[in-house]
Amino acid sequence: MSAARDLPPEPETQHPGEHAERGARPSGPDDEPTVAEDAALARELAEATGELLMTLRDDTSTGREREYRGDAEAHDYLIGALARHRPADAVLSEEGTQDPAPRRGAHRLWIIDPLDGSSGYGRGGDEWGVHVALVVDGTLVAGAVALPARGELVDSATVRPLPDTPVDPEAGLSVTVSRSRPPMELRRLAAAFPVRTVAMSAAGVKTLAVVDGLVDAYLHSGGQYEWDNAAPAAVAEGAGVRVTRLDGSPLPFGADDPYSPDLLIARPAAHEAILDVLLGR
Ligand SMILES: Nc1ncnc2c1ncn2[C@@H]1O[C@H](COP(=O)(O)O)[C@@H](OP(=O)(O)O)[C@H]1O
Ligand SMILES: [Mg+2]
């Protein structure tokens, strides 16, 4: 037997859009749910949490109290539902404990943001969402994003593939960015080609703007957390949209520290054009 054959197998680095069969089981025993079943559960839970948040929004007055209750009640609902549907799985939630011990080394880890864009929710706007994603052995395999006030609900297994087109350097690119924390990299992009900046709140709202073909890219720097981008990244990759950090490396998922420094979510040609500028290629 050769030395190479004695080595343990390479860890899987598949992302949702790369599964040959969208329903394939990524790893683990045969009685585990398939990716399609997990994506369907993510969708069902994001939808139900969104309905809960819509009811709460209509029953409370504008402001911080609504925001806090939205965060807490959506978290409690999702934690309870995951405990019923997937009792053996670990969960990382924005509103949960930050102690990594209970989820460290988990085979299956749900990463949830029960209410992304909570300040917009508190104000009564429509730029907020629910994120539910699943990471298996460190690989993002499924996710769903609900934007209940906009009537949008997508999951990584059934999202419509986004067609790609070449970048026209004369026309430039449209890039959605955080309304409150726009990235400083915009200046370097604008020096290379025309950039139309579109400010939006909430990571799911910006990601779905790319997935729906309304803008070419979503660029963020200055920090975020895994719960902000796990489900959006899963849905984007399911649609054939590229998701990386600004240095071109994969986004981290399942680390002890859920901090996620920066990201670029863009259709393939736009992703390449933007990284060419940022990396000086
Ligand atoms: N610099 C930063 N540090 C930490 N979190 C950030 C951040 N910039 C954005 N985020 C988080 O990313 C999500 C989307 O932000 P934005 O709307 O500005 O794009 C928000 O999540 P929450 O609303 O769940 O807190 C926000 O808190
Ligand atoms: Mg968030």
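Me: In which element does Ser178 sit, and what makes a stretch of chain a strand here?

Reply: Ser178 belongs to strand E6, which covers residues 173–178. Strands (E, at least two residues) and helices (H or I, at least four) are DSSP runs, numbered from the N terminus. This is a predicted model, in which local features need pLDDT of at least 70 and side-chain atom pairs count only at pLDDT 80 or more, while totals for chains, interfaces and linings use all residues. Residues are numbered from 1 along each chain as its sequence is written, and chains are lettered from A and ligands numbered from 1 in the order in which they are written.

Me: Why is Ser178 called partly exposed?

Reply: Ser178 has 19 other C-beta atoms within 10 Å. A residue is buried with 20 or more such atoms and exposed with 12 or fewer, C-beta atoms being placed from the backbone, so a value in between counts as partly exposed. As for its place in the fold, the C-alpha atom of Ser178 is separated by 38 Å from that of Gly28, 150 residues apart along the chain.

Me: Which residues of strand E10 are buried, and which way do they point?

Reply: In E10 (residues 263–266), Leu263 and Ile265 point one way while Leu264 and Ala266 point the other way, and all are buried.

Me: How do you know that E10 pairs with E8 and with E9?

Reply: Two strands pair if DSSP finds at least two bridges between them. Strand E8 (residues 217–220) is joined to E10 by four bridges in the antiparallel sense, with Leu219 opposite Leu264. Strand E9 (residues 242–244) has three bridges to E10, also antiparallel, and there Thr244 stands opposite Leu264.

Me: Why are H6 and H7 called roughly parallel?

Reply: Helix H6 (residues 203–211) and helix H7 (residues 226–238) pack at about 15°, with their axes 9 Å apart. Axes are lines fitted to C-alpha atoms, for helices over the stretch in contact, and angles run from 0 to 180 degrees between N-to-C directions. Under 35 degrees counts as roughly parallel and over 145 as roughly antiparallel, and H6 and H7 are therefore roughly parallel. Residues making the contact (C-beta atoms, placed from the backbone, within 7 Å) include Thr207 and Val211 of H6 and Ala231 and Val235 of H7.

Me: What makes H2 and H3 roughly antiparallel?

Reply: The axes of helix H2 (residues 35–59) and H3 come within 10 Å and cross at roughly 150°, so H2 and H3 are roughly antiparallel to each other. Among the residues that make their contact are Leu45, Leu52 and Leu56 of H2 and Ala74, Tyr77 and Leu78 of H3.

Me: Why do E1 and E5 count as edges of their sheet?

Reply: The open sheet has five strands in the order E1-E2-E3-E4-E5, with mixed pairing. Strand E1 (90–93) and strand E5 (152–155) each have a single partner strand, so one side of each lacks a neighbour in the sheet. From one strand to the next the twist averages 15°. E1 is joined to strand E2 (residues 108–116) by four bridges, the two running parallel, and Val91 stands opposite Trp110 in E2.

Me: Which helices lie on that sheet?

Reply: Helix H3 (residues 64–85) lies across E1, E2 and strand E3 (129–136), at about 155° to E2. H7 packs on the sheet and touches E1, E2, E3, strand E4 (139–147) and E5, its direction making about 95° with that of E4.

Methods: Angles under 35 degrees count as roughly parallel, over 145 as roughly antiparallel, 65 to 115 as roughly perpendicular and the rest as oblique. Two residues are in contact if their C-beta atoms, placed from the backbone, lie within 7 Å.
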